[in-house]
Amino acid sequence: MHFMIQLLNSLDELIFRVMSWLLFYPLTLWRTLRSPAAMMTYAERELTYTEDKRYDDAVSPPLFLFLSVLVSHAIELALVGDSPMIANRHGLSAVVDDDSSLLMLRVIFFGLFPLVMAVILLRRRGIKLMQQSLKGPFYAQCYVAAPYALAVSLSASLLQTHRTWILLAGLALLAIALVWYVAVQALWFARELKITALRGLTTALLGTAAALAIFIVAGALFR
């Protein structure tokens with residue numbers, strides 16, 4: 001009986017949590033697109049609160065990134081069907097044999113962007129790389145990486161179609177996502193490192209290029 005009560009309580013919490021995402025995910029997405037710098041500050045500030053009070057009015061940053069990749073994956077299934085990577089049995093792609101493993105792989109790949117940017121910030125500040133020092137900037141970066149991942153994944157799905165106007169829309173979305181992401185990073189580095197906007201842009205471009213290089217090289221191993 002005690003086990004059943006615990007199971008029902010867990011189910012109750014799970015249902016509430018999932019349903020709350022339907023509300024707070026689009027709200028978090030809108031807030032991030034409207035005021036990315038404010039949301040990055042919010043991400044780090046919330047970590048100073050007790051665990052039960054964190055991110056009470058938004059989706060937590062890593063979960064926000066995960067849900068964005070999940071939404072983009074659902075759109076891909078609707079537009080183009082299963083990814084060819086699932087059917088591919090060559091190289092490391094053999095470990096990706098279903099949608100769940102593909103989803104987790106994509107979360108890790110897009111998680112490279114917050115990780116690289118957070119590491120660059122700490123190195124430029126001269127702060128030792130530790131889990132505790134990395135957590136704040138990583139969480140802040142997850143908020144802006146999420147819409148970037150959503151837009152890039154959606155553009156990749158559009159580029160798999162055969163209609164010219166859809167292909168052009170996919171390319172336009174990819175360009176907009178990249179410009180937005182680099183611009184946000186430039187302002188973030190300028191603010192956090194107290195440097196000029198130009199140096200912030202240079203740092204943002206180098207960080208984005210490094211993350212993209214790792215992304216592309218790692219992705220090639222799964223082809």
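**Figure 1. Tyr-55 in the loop between helix 2 and helix 3.** In this predicted model, where local features need pLDDT of at least 70, side-chain atom pairs count only at pLDDT 80 or more, and totals for chains, interfaces and linings use all residues, Tyr-55 has a phi near 50 degrees, a positive value in a residue other than glycine. Residues are numbered from 1 along each chain as its sequence is written, and side-chain values use heavy atoms, with hydrogens and water left out. Helices are DSSP runs (H or I, at least four residues) numbered from the N terminus. At 9% relative accessibility, Tyr-55 counts as buried, a class that means under 20% relative accessible area, with exposed meaning over 50% and partly exposed lying in between (1.4 Å probe, protein chains only).

**Figure 2. The second largest pocket and its lining.** About 420 Å³ of space lies in this second largest pocket; of the 17 residues that line the pocket, the closest to its centre are Arg-17, Arg-54, Tyr-55, Asp-56 and Ala-58. A pocket is an open set of points on a 1 Å grid over the protein atoms alone, where a 1.4 Å probe fits and protein lies on both sides within 12 Å along at least five of seven lines, and lining residues have an atom within 4 Å of a point. Grid points are joined across faces, edges and corners, and the volume is the space filled by probe spheres set on the points. Helix 1 (2–34) and helix 6 (131–158) each supply at least two residues of the lining, and helix 1 gives the most, with 5 residues. By class, the lining has 9 nonpolar, 2 polar and 6 charged residues, where Ala, Val, Leu, Ile, Met, Phe, Trp, Tyr, Cys and Pro count as nonpolar, Asp, Glu, Lys and Arg as charged, and the others, Gly among them, as polar.

**Figure 3. A salt bridge between Asp-57 and Arg-31.** The closest N and O atoms of Asp-57 and Arg-31 are 3.8 Å apart, a salt bridge being a side-chain nitrogen of Lys or Arg within 4 Å of a carboxyl oxygen of Asp or Glu. The pair links distant parts of the chain, with Asp-57 in the loop between helix 2 (36–46) and helix 3 (61–79) and Arg-31 in helix 1, 26 residues apart. Asp-57 counts as partly exposed, at 39% relative accessibility. A search of the whole structure finds 4 salt bridges.

**Figure 4. A salt bridge between Arg-106 and Glu-76.** Here the closest N and O atoms are 2.6 Å apart, and the pair links distant parts of the chain, with Arg-106 in helix 5 (residues 99–125) and Glu-76 in helix 3, 30 residues apart. Arg-106 is partly exposed, with a relative accessible area of 21%, whereas Glu-76 is buried, with a relative accessible area of 5%.

**Figure 5. Glu-192 and Arg-125 in a salt bridge.** The closest N and O atoms of Glu-192 and Arg-125 are 2.5 Å apart. Glu-192 lies in helix 7 (residues 164–193) and Arg-125 in helix 5, so the pair ties together parts that are 67 residues apart in sequence. Glu-192 is buried, with a relative accessible area of 18%, while Arg-125 is partly exposed, with a relative accessible area of 39%. Arg-125, Arg-191 and Glu-192 are linked in a network of salt bridges.
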